[in-house]
Amino acid sequence: MIHSKLPHVGTTIFTTMSQLATQVGAINLSQGFPDFDGPDALREAVGRHVMAGHNQYAPMTGLPALREQVAAKVARLYGRQAKADTEITITPGATQAIFCAIQALVSPGDEVIVFDPCYDSYEPSVQLAGGRCVHLPLSLPDFAIDWQRLQDALTPRTRLIILNSPHNPSGALLERADLERLASLLRGREDIYLLSDEVYEHLVFDGREHASLLRHDELYARALVVSSFGKTYHVTGWKTGYVVAPPALTAELRKVHQYVSFTGVTPLQWALADYMAAYPQHVDELPDFYQAKRDLFCGLLAESRLRFTPTPSTYFQLADYSAIRPDLDDVAMSQWLTREHGVACIPVSVFYQTPPADLRLVRFCFAKREETLRQAAEKLCAV
Ligand SMILES: Cc1ncc(COP(=O)(O)O)c(C=O)c1O
């Protein structure tokens, strides 16, 4: 008998739904990845660097040229002068960065506050560090943080708070006023750190602003801010991300990172550095690019019996299906839609420790080509 350190972890719903979609030939709007490719120049650069012999280990902290590009972007967009050498680390994906940050900061007996619904990698990472997740539900219908509840949940054991804005699965955004609230709440508790998962930082719509922790001096002093090149450049399979954090926190993160993977994939880092230097405007064009997809998808779904508010961010759209099958819980609904109607989605309850009893929400990923979205919407409108 193996003594499992993660006895409750099985195959994730993302794998399960993607497999089911393949098995029954459904359009896969479940897992969060594009069905189109990243920019040609970016992909060509990988081949070029592989052939140029950039195939050995990159420095542990990441390729200097790529760290410089991240520093330039962070300065331009958020006004933060983060030092490439001491504050920026390239990682093999945001998930690895989150794992390393948690191992670096959380000790046995520590409490980590997460807001449900939350991304599935947080809890197992905290468990492996010997910590305990304290799950606070976001308030419906806006998926907003209940600040009083957060204040009440702080204990002497609280070590880390994990934030995720733009938020998967809801698309909810923190605003500057929220950051002020958080800063005032944490004053006097220098022993609490923040892990800010901002992988959808550039997918913010309708002219709204991404209130990055990088903008906020007081919060940044205790924060690790994580992002993902995979999301930003439509190359999720490259599993390349980065962390921006003050020098002391970066040093702790790197202690773990160097033994988890040591470094990220070299030619990918070269290619990203080249592309960011040549096309800095890529990130400025992303909001319109994805907003057009959101508007197309939501416009087409207006004819359906799904109810929704167009999402303000990310490439996920939540939809309430209670006018169609109120008798089904969201897991059963997702399977039914996939099997019977040929569109795969993700049930929102899996992002909760304790889902609200009457939750009737599923998540669709609209990072898809126009024809995919049209075909999926046609099927959904026929339900
Ligand atoms: C909220 C959130 N954080 C982190 C990740 C992981 O990013 P990466 O693929 O770079 O590991 C995802 C991917 O779906 C995500 O949705």
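Figure 1. UniProt, in an unreviewed entry, places the feature "domain: Aminotransferase class I/classII large" at residues 27–380; UniProt positions are given in the numbering used here, feature names are shortened, and annotations may be inferred rather than shown by experiment. The end C-alpha atoms of residues 27–380 lie 11 Å apart, and the span is 40% helix and 15% strand. Helices (H or I, at least four residues) and strands (E, at least two) are DSSP runs, numbered from the N terminus. Residues are numbered from 1 along each chain as its sequence is written. The model is predicted: local features need pLDDT of at least 70, side-chain atom pairs count only at pLDDT 80 or more, and totals for chains, interfaces and linings use all residues.

Figure 2. The protein chain is divided into domain 1 (13–31 + 282–381) and domain 2 (53–278), with bounds that come from an automatic or database domain assignment. Taken over C-alpha atoms, the centres of domain 1 and domain 2 are separated by 26 Å. Domain 1 gives 19 residues to the contact and domain 2 gives 20 residues; two residues are in contact if their C-beta atoms, placed from the backbone, lie within 7 Å. On the side of domain 1 that touches domain 2, helix H12 (282–301) and strand S9 (316–320) each supply at least two residues. The largest share of that side, 6 residues, comes from H12. Its residues divide into 12 nonpolar, 5 polar and 2 charged (Ala, Val, Leu, Ile, Met, Phe, Trp, Tyr, Cys and Pro count as nonpolar, Asp, Glu, Lys and Arg as charged, and the others, Gly among them, as polar).

**Figure 3. Helix H1 and the residue after it.** The 12 residues of helix H1 (residues 13–24) should span 16 Å at 1.5 Å a residue, and the end C-alpha atoms are 16 Å apart, which agrees. The expected span is 1.5 Å times one less than the number of residues. Gly25 follows H1 and has a positive phi, near 70°.

Figure 4. Strand S3 (residues 111–116) and strand S4 (residues 132–137) pair in the parallel sense over 6 bridges; two strands pair if DSSP finds at least two bridges between them. Val114 has His135 in S4 as its bridge partner. From S3 the chain crosses through helix H5 (residues 122–128) to S4, in a right-handed β-α-β crossover. A crossover is right-handed if, with the strands pointing away from the viewer, the path from the first strand over the helix to the second runs clockwise.

**Figure 5. An open antiparallel sheet.** The sheet has 3 strands in the order S9-S12-S11, with antiparallel pairing. S9 and strand S11 (346–347) are the edge strands, each pairing on one side only. S11 is joined to strand S12 (residues 361–365) by 2 bridges. Ile346 stands opposite Arg363 in S12.

Figure 6. Most residues other than glycine have a negative phi, and most peptide bonds are trans. Leu140 and Pro141 are joined by a cis peptide bond, with omega about 5°. Pro141 is in the loop between S4 and helix H6 (147–153). Phe143 also lies in the loop between S4 and H6, and its phi is positive, near 55°. The peptide bond from Asn168 to Pro169 is cis, with omega near 15°. Pro169 is in the loop between strand S5 (158–164) and helix H7 (176–186).
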